[in-house]
Every structure is written in C-alpha cells, then in structure tokens.
Amino acid sequence: MASGCNRLQLQASHSSPLNRRDVITIALLILTVLVTKWSILPTPYHWDEMGAYFEPARWLSARSLWDMLPGRHPAELFFGHPPLLYLLSAALFKLFNATPLVAHAVAIFFASLGVLYTYLLGRFLVSFRVGLGGAILLFSFPLYFAQSGMLLGDIPITALGVMAVYYRVLGKSFVYTFCATLMVLTKETSILLVLILILVETVQVLKGGKRWQLLLSHLMPVLALTIFFVMQKIYTGSFLPNPFFQHDSLVTLVPGRLLWKGAFACYWAFFAQWRFLLTGTIIVACIRMHWRPPDFFLLFAGISLAYVLAFTCIYFLPRYMLLVAPFVSLAAAASLNFMFTDSRKYFLGLALPVVLAVAIPPYKQSGFDSFETTMQYLDVIGANKSAAYFLENNHAGKTVLASWPLMSVLADPGFGYVKKPVTVTTDVNACWDLIAVSPQGDQKMVNSLRQVIAEHHLTLLRAFTNNGKVVEIYQWQKKGQQKGKIGC
C-alpha cells in the first residue's frame, strides 16, 4: 500500500495539487450523479421528505427566514432537528418556488459533494485509484443512490461529514470547523463524528504527537449545537420536541431489544446490499497486514462502530447509517489496493459488489415498508400517483378515508400528486364516501382501515399496482348505502 496510507495526518501536511486526470475524474463523477439522478427532479415527495422536511421548509419560505430559530415557530415543526437544511430549502423556495424540482436539486447537490469528497479523501490518504474506487462504491450503494434524490437530512450530513474529515486530515482547520458546524446544524446525530475526532486527537495529544491548541477547532461545532439545544429547551420545554417520540421511545435499554437493534444497525453499516463483500475485503486485508492496518483504518472503524453503538440505543432507520458509508467504501477500496497491485485485478474486484448492487433486484417487493432504501420507492410513488389521479378526476367532491401518507398525497397539491385537493379524513367515525388504503403506509392506520372495510363489507372499486406496491380504493356495496359511521 502506498506510503501515504500508513499515517493519518490530523495537522498541516502537504497535498499535491489536482492535476488534469483529477479534474477529468471529478467532472465525470459529478456528471454521473447528475445524469443518473436527473429524472428524479420532478418526482413527487415520498414519506418523510414530504412531512418532515418539505412541509416545514415550505412553511418557513412563506415567512421570515428568522423564524427558523427556536421560539419563532411551532415547537414540533422541525421535529427537533437543527434548522440549516430547512433554512437552505426555504431560501431556495423563496427564489425559485416550492417545487419538487428545487427540493430534489438540493439532494442531488449534496449527493455530488459526497461522491466528490470521498474521491478526494481517498486520493489524499492513498492514491488516485483508491479515491476513485471509494467514490464508485459509495454511489453504487443502493441506499445512497436512492437517498440521493430525496430531501432528507442524511445525504447532506454524509457529504459534510466526509468533507470535514478531508479538511481535517489535510490540516485546514478553519475549513474543517466551517464544514463540521454546517454538518451539526443540519442534523444533530452528526455530532458523533466530531466527538470521535476529538477522542482520536486527544489521544494523540496525550502521546505528545500533536499540540493541544489544535483541539480548539472542534469547539465551534460543539458550541453551535449546544446553543441550539439550549435555546430549544428554553423556548419549547424540550431538547427534542419531535412528535414521533410522543408514542415511540427515543432510547431503548431493554437487553433483548438492544441486541436486536445492535444487529440491525450493524447489518446496515457493514452487511446490507452486498456490503458484506466490502467488510470481508477489509477483514482479509487486515489479516494480511498482520492486524496492523493504516491509522486511517482505525479512524474509519471508530466512526463506524460509534454510530452502530449509538443507534443500538436510540431510534434507528437504515438511512441513519449513511454517514459511515464513505468511510467503509474507502477502507474497502484501500484494502483492494493493498491486495491487488495490478490495476485490472483491482478494478475487477471493485466491479463485483458494484454489479451485484446494481443488477440484483432487492428480495423484498411488497408489504409494509417505505422502500426508501432502494429505488423501489419510485414504485410506491407511482402507485400513489395513479390512485390520486383516479380519485381527483373521477370522484371529485367525495370524502376519502385514508391512512398516512395517502392522506397527505391527496390533500395537498404541493406534494406533487394532485392538482386540486381531494377531501380526506383519517377519522373512521367521520362522514366518508370511499376508503383508500395501501400496505405501504402507516401500519396501525392501515390495520384500522382494514377492520372498517371488513365490518362494512365494502367492495373493491379499483386497485393500482406497481411492481408489488398497491393502493386499493373501496366503496359501499350498494348505491345509496349509509356513508361512514357517524354524522352522515
């Protein structure tokens, strides 16, 4: 492995300037992201990006941008998250209108940054081909590829996280501080990356390997997030005013639950979607190195394991593990580089997980899920869009009893599914004409609607299917039969 791979620079160091090959590679990487994600721009919003990010950002765009501060907006509007992504989206909505095209352009921009800086970090630590290999592995990871087109917080903090690490190892403390501060003000869980860097550098200080003054560059991101949470506590009475945690626990301490969640987090960090091939490659390389890997392997392992341990205890979704993806990808590319000096063998080894990730369809095609971990989420959007078009154009004026997210899909044209609002309700005791239900929705609400359908012997009017994803529309059996249960 290249000599540069055998040390981790967390202070000023020499970095060769970008040459023509680097510029061409960077241009091709960004072009690849843009070309492959271009069709996503006008796509309607999906699940959490609809309610947790777009809707609050649209609200902010219609007001003063200063209303992003705690105390100037409804307590639970931003779900307890720091305001930076909402601020950026709202500012763009003010300039260009609140449309999916603008929102998804933000996601694609950050996805491009993540791929670009993964390349730059690998190039600096090892070599050109490790940087290129790491960038390819990252973007071909189905979870990263799917999330690259959605307005959510995880792709932005992934990009800002790898940027922060790059500028830290490059010795550019001011730029690191700027990136890390933006990162923690985008999503609070990214502070863990800063804490790992503090831990690593503190150990180096204690060993006499660096000056303690360099630790001061970590102060701003920690202070910025602390101030945000203190303000949130003062103005809302809670550090994390997230409505979701009113009925679901944020922290889990039950031993059996901890084991399951730890395995689930570990699965998405190291094994899911063919990533076990990357993990296996890293392990084999470490064995061949006699368990004396380069220092940056240890840093990347520390970041990855810290996130696995954190999400063992706190609420977890697969996309939350995206922040570790660039580091796992780079460690795998560096491991291949160590084992295969021949470029043809290196790129053949690189091609295996890429081809499998791209060519092999996911095993799950139907049932309860948001399907946001792969491009199957477009199938859910397609089924919802067909059902929305049918109800809007054939049953205007009727009230639809629906579960989430169908209730939002039908009620708000801003989400990209309907041109005019469809009257919806989620109250089974209200007056309603039709029921719209999908397994790809809130499970508790879906189950309650299924019970209503069975109790009233409703008949299936239409079913809209798309690669296993389905939306069903039910109506009363007889014309003129009593509508709803109460108040009709």
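Let's start at a pair of strands: β3 and β5 (residues 469-475) run antiparallel and are joined by three bridges. Strands here are DSSP runs of E with at least two residues, and helices are runs of H or I with at least four, both numbered from the N terminus. Two strands count as paired if DSSP finds at least two bridges between them. Across this pairing, Val-437 stands opposite Glu-472 in β5.

A word on what you are looking at: this is a predicted model, in which local features need pLDDT of at least 70 and side-chain atom pairs count only at pLDDT 80 or more, while totals for chains, interfaces and linings use all residues. Residues are numbered from 1 along each chain as its sequence is written, and side-chain values use heavy atoms, with hydrogens and water left out.

Strand β1 (residues 399-402) pairs with β3 in the parallel sense, over three bridges, and here Leu-401 stands opposite Ile-435. Within β3 (residues 434-437), Leu-434 and Ala-436 point one way, Ile-435 and Val-437 point the other way, and all are buried. Buried means under 20% relative accessible area, exposed means over 50%, and partly exposed lies in between (1.4 Å probe, protein chains only).

Now for the aromatic rings. A pair of aromatic rings is described by the distance of the centres and the angle of the planes. Rings of Phe, Tyr and Trp (its six-membered ring) pair if their centres lie within 6.5 Å; planes under 30 degrees apart are stacked, over 60 edge-to-face, and the rest tilted. The count by this rule is 30 aromatic pairs. Why is the pair Tyr-53 and Tyr-86 stacked? Because the ring centres are 5.2 Å apart and the planes lie at 10°. This pair links distant parts of the chain, with Tyr-53 in helix α2 (residues 47-61) and Tyr-86 in helix α3 (residues 84-96), 33 residues apart. Tyr-53 is buried at 4% relative accessibility, and Tyr-86 is buried at 1%.

Tyr-267 and Trp-268 make an edge-to-face pair, 5.6 Å centre to centre with 80° between the planes. Tyr-267 is partly exposed at 37%, whereas Trp-268 is buried at 10%. Elsewhere, ring pairs link Trp-260, Phe-264, Tyr-307, Phe-311, Tyr-315, Phe-316 and Tyr-320 into a cluster.

Finally, look for charges over rings, where NZ of Lys or CZ of Arg is within 6 Å of the ring centre and within 35 degrees of the ring normal. The charged end of Arg-129 sits over the ring of Tyr-346, 4.4 Å from its centre. Likewise, Arg-168 places its charged end over the ring of Tyr-176, 5.0 Å from the centre.
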